[in-house]
Every structure is written in structure tokens, then in C-alpha cells.
Amino acid sequence: MKPEISPEQLPTVFTYHPEYWDYVDRFTKWHGAPFPDSPILSKSLRTITDHRNKFRTLADRANLLIPEIVEERKLLNQTGYSNCDKVREFTAIIETLVCEIYSCLDGLRDAIHSIYENVRGVQKKSTGTLFKKAAEESYGEGFPLEIATLLKAAYESWFIKLRELRSELTHGNLGICSMQDEEKIVYIHHGISLGKQPLIIDDIIAWLNTNINQVNVLLNDICKFWFNQLEPREVLENCGIHKGRFMGRVIMITEPIDQDSGLCIFRHFYEEYPEFACPIKDSCAAYARVGSNSREVVERLQ
């Protein structure tokens, strides 16, 4: 039999890190009134965050491959032959990253539809149509000008090129990467032509960084617009786990939310059982702020 682990041996894990949460994360966590209580909205927001997380995971793997691609290129230069396994793997990840960027926009399309489904022109079949209608200024009354302006600007600057490559990768041919030197990796796609020349992206890593940044700016601007409309309410936040026990606080989602926000819900417990007390209670503003009222806060939540 495996020996039992005592609570004292369990690791302490802190999960409350609002300084790392952007407006996409915040609206996904705390969306509510006046927006519809809809599982479709929740799912669409989770689509955005899931694909952003998948992008980060795959991008980390792509970065790990770069030194191996450098060695593969050196072998090719020295011997005139390489099986190019690493560059093919890298290309597959890069093309998946393009699709992940676009999938975030698919989630945005569904979120917009779930909130404004009764507005003329709003649909959920085509992400391209979402942006094109904004560029044409053809949405009906009730569609926020703030969102329409953001979508139109994206359509007129970067969206069309991203959509073209993603559509070709999904429904057509694939491209190939090539390391020209140890700093830049070129991406070539013969299925997309610019005149008589194929599509050539001189630095595919820089191109991807630019596009994910543009998409993140758009997503955050829209989610901030929504977040600022949320009705004031308290929500329970998990601060972490200590000695096998949940640590938590309540926060008001409309206030500036940072590490000092909210009210600790376990101060009374920590005072009665100091052996289980939160290890950062003496420096925690939420612990100090609640004073002797943590029981009342718990009762209010219930």
C-alpha cells in the first residue's frame, strides 16, 4: 500500500494571479448580466481561450525545434542531403498555429452572435462575413458602433490575408518552411500566388507574432467593451490550495481587480485553526480588509 500523505506534506499552490489575466480572460471568467445567461456564450468564450492556450503550447514546441532545424540545415550544407524531418515538423506546427489564430476569431463570431443574434446582419456561419459586414457598415440598429469599428479596421488591415492563408491550409494545399540563416525561417506556399510568384513570408515567426498580437488586441478591445458593461456583483475566486484545503476570496468584478482585491472568506477559520492558516495572510490585503466579518461574507454568498 502507498503511504498516506499528510496535509503538511502537500504543496501550496497559488492560483489567484489577476495581473496575468487580460480582458479576454476576465470576461470569460465573469461574464453575466446584462449579457444573456447562455451556454452558447460560455462555450464561445471558452473557444477563444482554449485556442489561445493551444497556440501558446504549440508555439513553445516550435521554438524548441529551431536549434534542431539549424543543425539540420548545417548537415544539408555539409553533405548535400538531409531528410528534413525537423523542418517538416516545424512547418506542420506553423500551419496549425495559423489555424489556431483564426479559430480564436471563430469563437469571437459565435460570442457576438449569442449576444446580438436579433440584430440585422448578425450570423454565425461565416467569420469572414462577420468582418465584411462591419467593413460595409451593413449591421442593423443595436449593433455597437465600437465593435463594428474594430472589426472594420481589422478587415481593412490584416484580416483578409490571414483568412486567405487559413482557408488554403484548411481546404487546399500546404506550404513549406526553409531556414535561410540562423535567425530567420522563410515560409513558401505555392497554392497562393502573388502574380507569377508564390506566397513568400520572409520571417514566418515574426509574421505569426504580428498576427496573434493583432488578434489579441482585437479580442481584448471587444472583451473590455463588454466587461465595462457588467453589472456589479460579487464572485468567488479560488486563491489556491494550502495543506489540502481551498483558499478563497470574494471580489467585486466591476472594481479594478488586482492582487489586493476582495475579501478573504476564511479569516475566521485561520484564526481558529492557525496550523492551516494561509501562508501569505500577513501580507494579504483581502485578509486584512475583511476584519472580523468573514463569516458574514460566507453567509452572504450562500
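**Reading sheets, pockets and turns**

Colleague: Let me start with one residue pair. In strand 4, which residue is the bridge partner of Ser193?

Modeller: Pro198 is the partner of Ser193 in strand 4. Strands here are DSSP runs of E with at least two residues, helices are runs of H or I with at least four, and both are numbered from the N terminus. Two strands pair if DSSP finds at least two bridges between them.

Colleague: What should I know about the model and its numbering?

Modeller: This is a predicted model, where local features need pLDDT of at least 70, side-chain atom pairs count only at pLDDT 80 or more, and totals for chains, interfaces and linings use all residues. Residues are numbered from 1 along each chain as its sequence is written, and side-chain values use heavy atoms, with hydrogens and water left out.

Colleague: What is the strand order in the open sheet of four strands?

Modeller: Its order is 1-5-6-7, and the pairing is antiparallel. Strand 1 (13-14) and strand 7 stand at the edges with a single partner strand each, so one side of each has no neighbour in the sheet. Now walk through the pairs. Strand 1 meets strand 5 over two bridges, and Val13 stands opposite Ile241 in strand 5. Strand 5 (residues 234-242) and strand 6 (residues 245-252) share eight bridges, and His242 stands opposite Arg245 in strand 6. Strand 6 and strand 7 (residues 263-264) share two bridges. Val250 has Leu263 in strand 7 as its bridge partner.

Colleague: How many residues lie between strand 5 and strand 6?

Modeller: Two residues lie between them, and the two strands form a hairpin. Lys243, in the turn, has a positive phi of about 55°, although Lys243 is not a glycine. Glu137 also has a positive phi of about 55° and is not a glycine. Glu137 sits in the loop between helix 4 (127-135) and helix 5.

Colleague: Is Glu137 buried or exposed?

Modeller: Buried means under 20% relative accessible area, exposed over 50%, and partly exposed in between (1.4 Å probe, protein chains only). Glu137 is exposed, at 60%.

Colleague: How do I read a pocket? Which elements give two or more residues to the lining of the largest pocket?

Modeller: Rolling a probe the size of a water molecule over the atoms shows where empty space is left. On a 1 Å grid over the protein atoms alone, a pocket is an open set of points where a 1.4 Å probe fits, with protein on both sides within 12 Å along at least five of seven lines; lining residues have an atom within 4 Å of a point. The largest pocket holds about 270 Å³. A volume is the space filled by probe spheres set on the points, and grid points are joined across faces, edges and corners. Its lining includes Trp158, Ile192, Leu199 and Trp207. Helix 5, strand 3, strand 4 and helix 6 are the elements that give two or more residues. The lining has seven nonpolar, three polar and two charged residues. Ala, Val, Leu, Ile, Met, Phe, Trp, Tyr, Cys and Pro count as nonpolar, Asp, Glu, Lys and Arg as charged, and the others, Gly among them, as polar.

Colleague: What lines the second largest pocket?

Modeller: There are 15 lining residues, and Cys239, Arg249, Cys278, Ile280 and Cys284 lie nearest the centre. Strand 6 gives the largest share, three residues. The volume of this second largest pocket is about 160 Å³. Its lining divides into 11 nonpolar, two polar and two charged residues.

Colleague: Which residues does the cis peptide bond join?

Modeller: Ala33 and Pro34, with omega at about 10°. Pro34 lies in the loop between helix 1 (23-30) and helix 2 (39-79).
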